[in-house]
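This report describes the cavities, helices and selected residues of the structure displayed below.

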Amino acid sequence: MDHPYESTLMRTWKRKRKGLYLLGQIVLFPMLVLWKLDRLFSGFSFWIKVSAFCSAITAPFRAVIDFIKAWCGSRPWKRLLQASPVLIIAFVGFTAFFINANRNRGGVYAGYYQDALTAMNAGDAKQADFLFGKLIHHKNYRDNNQALFQAMMAANANDNATREQALRKKLVVERNYEPAKRWVVAQRLNQGRVSAEDTAGLVALSEEMVAEAPTEESELYWRKALARLYQGQGKYSEVVAMLEADENRDPEASLILAQNYLAQSKNEEALKEVDRMLSYISDEDPAKNIYLKEYVEGNAIKAHNTADLASGSVMLKNAIKVLEQKRAMAVNRALYDAWLGELYLRMFEMLLEFRDASMRLEAFEYFDKAIEAGQAPGRSGAVLNQIIDPASGYPLLSGQILEIVAKRGGVGAHLARAMDAWVEGNDRSAQLHFSIANELSPNAMKVVRYAAQYLAREGSSAITVFTGVNLSSYQRSFELLNVVDKIDEGLAIETMFDRCYIYSLRKSWKEVLRMVEPRLSELTGQDLVRAYDWLANAHANLDNAEKAEEYRRALQNEIIKLKEQQ
């Protein structure tokens, strides 16, 4: 350590500035004392620095210790000692509760599982999906194939595509769970329209399962599934070869085989197979509780492929009678209504082929039933067009239609007369009979809308034969929808979507945009969902990806909102 008064600055002040030097001596006097001590006791300043450093780094800890000392010094320890039994009992009680709660955690999740199953049975898909979402991550359920399978079905019912796809991958790909594979294939087949890519994947899956089926029942199931997939691909000969090899095929396989015989124009073989199937059903399932579909479709195939119209109509009437009996006892009749609606139309077409006045009257009785069958079948519009189309298999003359209107009336007869008058350009008569039909049935205008769609899609020779109006079937379809708007203004939204469909047939996507976008503010609920869907598709087809994505997001948000309101 250097002498504090002998520094360069102090020496300068000593020579030139006596006053500052005197002041510096006063200020540095403590340093002078320290210098003297350091000379007397070697290393004295070092230990002072060490002490100062230790004091600095321990200051926070000393502050904590001081705080604890101060706190302890102010506590009423006597009272704390008196309260100690209560504190000990509380500690033991909370510990026991915590242990017990964690021990019964599996029981809580078991309750979730039962509640989820109850919600599924009650049709509450949202609640079931929510509860299964909790379960599938628990150790007792994440490896339970049955629980994961039920969670996948709940996710599908709730339109939770992300969870459904994740569970499907886990069950089908990773865990090779056969019930899940069956469900996936059945879902795709029941959708009716499956993309070529999806079909190829399902075919590969089914072929693998046929080869590796663990039981005979499983192999039979996958053969039938593969046959239906081949049928969708148009591989009729492969279906026939595969099913003919099984001599013990059940009625479901027999029906598939008969349908593929018909696709190859092998009518005799198809009828023999149908006879074999109906004989089996008569012996094994006389009440038609198991093979109702096969019985009805078998009779329909025989009816439409027999040369004797009389016996064919009897077969079809028998099938309709059985189905009507089943519908009468059913709780949910929507499926039976759709099925019966199609059979009524088949019966209508068959009876018209008799070319007999009394049969025509009976035929329109079935046409009325088809229109009244819950939701009118989509094919009813095609049938209405074909009644007046000279190129169809069962056209009616104007006089014959007027005779039916006069003798029995009914919604079908008035619709036929209205269409006949509309094609001829007699708008006054057409509007009169359309109005009467609308009064007779709330489904009447729906059939006319279907007719407009069919007219735009398939055309009609009745339109081209009549020369008074120089418009194509496509153009006339819009005029027919204008008639619907006049008859029932409440269907304006529905006819707007019908026009969207017709415009889409000609790829007129700009017309779709011009029609739908200005009306978005008027729409709510499912109508708004449909509008967003059309707008997203229109923009996508016009290569406007940004707007298409915007409307898809709006579509998804609206769907979620509707689900929350349910």
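## Definitions and basis

On a 1 Å grid over the protein atoms alone, a pocket is an open set of points with protein on both sides within 12 Å along at least five of seven lines, whereas a cavity is a set of points where a 1.4 Å probe fits but cannot get out; lining residues have an atom within 4 Å of a point. Grid points are joined across faces, edges and corners, and a volume is the space filled by probe spheres set on the points.

The model is predicted: local features need pLDDT of at least 70, side-chain atom pairs count only at pLDDT 80 or more, and totals for chains, interfaces and linings use all residues. Residues are numbered from 1 along each chain as its sequence is written, and side-chain values use heavy atoms, with hydrogens and water left out.

## Overall architecture

The protein chain contains 31 helices and zero strands; helices (H or I, at least four residues) and strands (E, at least two) are DSSP runs, numbered from the N terminus. Of its 566 residues, 41% are buried, where buried means under 20% relative accessible area, exposed over 50% and partly exposed in between (1.4 Å probe, protein chains only).

Contact means heavy atoms within 4.5 Å. Among contacts in the protein chain with a separation of 6 or more, 56% are between residues 24 or more positions apart.

## Second largest pocket and Asp129

The second largest pocket has a volume of about 260 Å³. Its lining consists of Lys126, Asp129, Asn158, Asp159, Asn160, Ala161, Thr162, Gln556, Ile559, Ile560, Lys563 and Glu564. Helix H8 (125-135), helix H10 (161-174) and helix H31 (545-565) each contribute at least two lining residues, and H31 gives the largest share, five residues. By class, the lining of this pocket has three nonpolar, four polar and five charged residues; Ala, Val, Leu, Ile, Met, Phe, Trp, Tyr, Cys and Pro count as nonpolar, Asp, Glu, Lys and Arg as charged, and the others, Gly among them, as polar.

Asp129, one of the lining residues, is placed in helix H8. At 3% relative accessibility, Asp129 counts as buried. Its side chain is joined to that of Asn160 by a polar contact of 3.0 Å. A polar contact is a pair of N or O atoms within 3.5 Å; within protein, one must be able to donate a hydrogen and the other to accept it, and residues adjacent in sequence count only if both atoms are side-chain atoms. Leaving aside neighbours within four places in sequence, Asp129 is in contact with Ala154, Ala155, Asn158, Asn160 and Arg163.

The whole structure holds one cavity of 30 Å³ or more. By class, the lining of the largest cavity has four nonpolar, no polar and three charged residues.

Lys224 also belongs to helix H13. Lys224 is buried because its relative accessible area is 9%. The side chains of Lys224 and Glu252 make a polar contact of 3.1 Å.

## Helix H18

What end-to-end distance do the C-alpha atoms of helix H18 show? Helix H18 (residues 309-329) has 21 residues and should span 30 Å at 1.5 Å a residue; its end C-alpha atoms are 31 Å apart, which agrees. The expected span is 1.5 Å times one less than the number of residues.

At the N-terminal end, Asp308 caps H18, with a side-chain oxygen 3.1 Å from the backbone nitrogen of Ala310. The buried residues of H18 are Gly312, Ser313, Met315, Leu316, Ala319, Ile320, Val322, Leu323 and Lys326. These buried residues pack against helix H17 (292-304), helix H19 (334-352) and helix H20 (357-372).

## Loop residues with positive phi

Ser265 lies in the loop between helix H15 (251-263) and helix H16 (267-284). Its phi is near 60°, a positive value in a residue other than glycine, and Ser265 is exposed, with a relative accessible area of 62%.

Lys507 is in the loop between helix H28 (492-505) and helix H29 (509-516). Phi of Lys507 is near 60°, again positive in a residue other than glycine. With 59% relative accessibility, Lys507 counts as exposed.
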